[in-house]
Amino acid sequence: MNWLNDNINVLTLIGAAVIIILTVGIAGKYIKQMKTDKATGELTGDNWDGIGEFSNPLPTGWSLAFLGTIVWGLWYFFLGYPVATFSQIGQYNQEVSDYTKRFESKWANPDHETLMGMGEGVFLVQCSPCHGITGDGMDGKARDLTTWGGENHIVNTVLKGSKGQGYPLGQMPAGLMDKASAQAVAAYIVQDLSKSGKSKHPELIAKGKKLFATCGGCHGMDGKGMGGSAPALVNYGKAQFVVAVLNHGKKGNIGVMPKFNDGRLTDIQKTAVGTYVDSLGEE
Amino acid sequence: MQSSNAINYDYTVAKYFTVSAIVLGIVGMSVGVIIAFQLAFPELNNFFGEYGTFGRLRPIHTDGVAFGFTVSGIMATWYYIGQRVLKVSMAESKFLMFIGKLQFWLYIIVVAVAVVSLLMGETSSKEYAEFEWPVDIGIVIVWVLWGVSIFGLIGIRREKVLYISVWYYIATFLGVAMLYVFNNMEVPTYFVSGMGDWFHSVSMYAGSNDAMVQWWYGHNAVAFVFTVPIIAMIYYFLPKESGQPIFSYKLSLLSFWGLMFVYLWAGGHHLLYSTVPDWVQTMASIFSIILILPSWGSAINILLTMKGEWGQLKDNPLIKFYVLASTFYMLSTLEGPIQAIKSVNALAHFTDWIPGHVHDGTLGWVGFMIIGGIFHMAPRMFKREIFSKKLVEAQFWLQTTGIVMYFTSMWIAGITQGMMWRATDQYGNLAYSFIDTVEVLHPYWTLRAVGGSFYLIGVFMWAYNIYKTATSSKAIEKEPQYASPMA
Ligand code: HEC
Ligand code: HEC
């Protein structure tokens, strides 16, 4: 990245330089006069505890600068940038929307590699403080994403239930079916319904499809989540599934995951981080 | 003209406040060094349970150095300078003597209560205005007593014309009184609604209004505690120690009124890009820039007073303290306004550059003037030579090194931090998380703590030197007119 592409950075560095140069230059000039010049002037005649005062005129540079800043201040306030013409919130909205527009048009059609790169960047800044740099959840501080999103995770979810994303259907109860059936449903979901990967038990898919009726009551027989009432399992194992988590947040048994739907991530960034999170989990 | 030596000035109260300045300086700055190390090494929070945590200690540091060390310094110098430039002794008025002593002892009680209540975690949570209402009332009484003392002494003065320093002490009195009272308007919850403990209160203002009043106060606490009374000191100690007349009466007059008029409008620069109205922010930025000139006016007046006096600068360590103090005053009064420019503030706000700015003002300007001022007063108050000139020199260089380490590390840390917060990667995502900045900044935080330690060691050297001066240094027969005698 190029630090100097940002005018705030540039102005700050100039400001810092001005502070040093002016202070050292001007204080230095006066300190040098202690060596080279002599105190002159007419005494005012007053004397306090042995302290006198010269009636020397104001230093010209100082007076001009003082007048200059006063005139500049009046101009700035009333003519240059009359206060009613500026809105901080307006400026913020404008800058954010411009940036987002540029961002979205630049990355309108990202390939997989771009999504992975961008997603890793987003993950390291936005997600790693809780999930850890490797996504392992840092000893249970947040969800271990390396065991999330695969076939096993479906089995676990069916056995243990799931809650906290605030779907209209509330929580998914534990123990909806036994382990063997859950395995079959899992195989069906990953390889047939969402087609996000190859199942380790392809022979169970047909059985799973039948058993999916238990799930369809909430997730929809088509797995699309019945118009947002429950997670859309057709997206299981794909970036969209993570995006749904980001939009909902989750307050489950592990802790609280905030929502990311306040505009801090664009849709492309969400898809990107979703793609990246999927790559962390097991198949 | 009557010789000033003819009057027997009574320094009792000045001596009291000198002691409290030294003691509270040591306390406040020791806590400062501790919390600086805590920021670099968080494990240091774990001693002494809740009482040793950063959150409890931080207000003890800030209030301790501002209202303990600095205010004691202001009082000590007032009770010294006031008499001399008004040509009247405290001994001439039993009443004023009583008020002075009363003010001191009440002050000590209030400070003790304040420290304990802060340690207990009782705070109204407004920065530099943390004290709960009973402490506030105590502070107001102490302040009123000081007012009585100032105007009482002025009332019985022999010197008709008020010296510049006196203007500045009066301004300090009036400014702080107004700011303190209005910002600490609070509702004692127990008496109004039966909620909370009897000493709890909530601010009378809400939300953005509270923020505006708070930073009108906070910023002008810097003006009327860290600037105005310190200018009072330098206008006395520098010409007195050097024997040089002040360069320009006009410049002191214009700078004084400029400062008074402009300072009060600049507080909003603490709230740039916040919820306060846009015009308040713009106005604050503009006034901050204009403020450079009246601030620099005083500093320039002081430096020009020393024209041709290179020899004194070289030989007299007290003059070194004063000249470097005005230079640091120039540095921080240019730095502040530049940080108040919105585009710079967009980066600087909430970074380490801000405490960096505060400390080149407080360590370099406030601290140096109080230390240097008390050094000048000591031989006259105790009628003995300053115990060791070598020690003064060594202290000067050690503390100067400390300040330079402090502010360079915070400049670099702050600007780096601000840039990292803004930085984006090749895709346009934000590039760094919080912990990334912590890793990069850690060495600078350590350096800051070490710089602060140097300064603190200097304060101990100062305390020792003053102690020896008061007790065992060589006695002087006649008070010197100008340069302080030192061994
Ligand atoms: C009673 C309604 C209901 C039934 C029946 C149900 N689910 Fe769910 N399911 C939900 C809800 C609601 C959620 C979202 C839970 C949350 O807030 O995290 C969910 C979440 C999930 C998740 C995502 C877990 C995660 O970590 O985000 C999976 C996978 C899942 N269900 C699979 C199934 C399968 C397979 C079945 C059939 C065996 C099934 N569900 C049956 C309501 C149901
Ligand atoms: C403030 C901490 C925090 C941050 C930041 C955070 N998460 Fe989480 N995340 C959690 C916690 C805690 C859970 C587990 C919630 C539970 O199940 O109790 C979780 C769970 C998850 C899950 C599993 C949800 C499910 O249905 O089981 C995914 C996926 C996830 N986070 C992705 C992300 C991504 C991507 C980011 C970055 C954009 C992110 N998280 C940022 C704390 C966080």
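Trainee: By class, what residues does the shell around ligand 1 have?
Mentor: The shell has 15 nonpolar, nine polar and two charged residues. Nonpolar covers Ala, Val, Leu, Ile, Met, Phe, Trp, Tyr, Cys and Pro, charged covers Asp, Glu, Lys and Arg, and the others, Gly among them, are polar. This is a predicted model, where local features need pLDDT of at least 70 and side-chain atom pairs count only at pLDDT 80 or more, while totals for chains, interfaces and linings use all residues. Residues are numbered from 1 along each chain as its sequence is written, with chains lettered from A and ligands numbered from 1 in the order in which they are written.

Trainee: Which residues are the closest to ligand 1?
Mentor: A:Ser162, A:Gln165, A:Met172, A:Cys215 and A:Cys218. A residue is near a molecule if its C-beta atom, placed from the backbone, lies within 6 Å of it.

Trainee: And which helix gives the most to that shell?
Mentor: α8(A), with five residues. Helices here are DSSP runs of H or I with at least four residues, strands are E runs of at least two, and both are numbered from the N terminus.

Trainee: New topic. How many helices and strands does chain A have?
Mentor: Chain A has 10 helices and two strands. Its radius of gyration, taken over C-alpha atoms, is 33 Å, well over the 19 Å from the globule rule for 283 residues, so chain A is more spread out than a compact globule. That rule is 2.2 Å times the number of residues to the power 0.38.

Trainee: What does its C-alpha trace span?
Mentor: About 110 × 40 × 35 Å along the principal axes of chain A.
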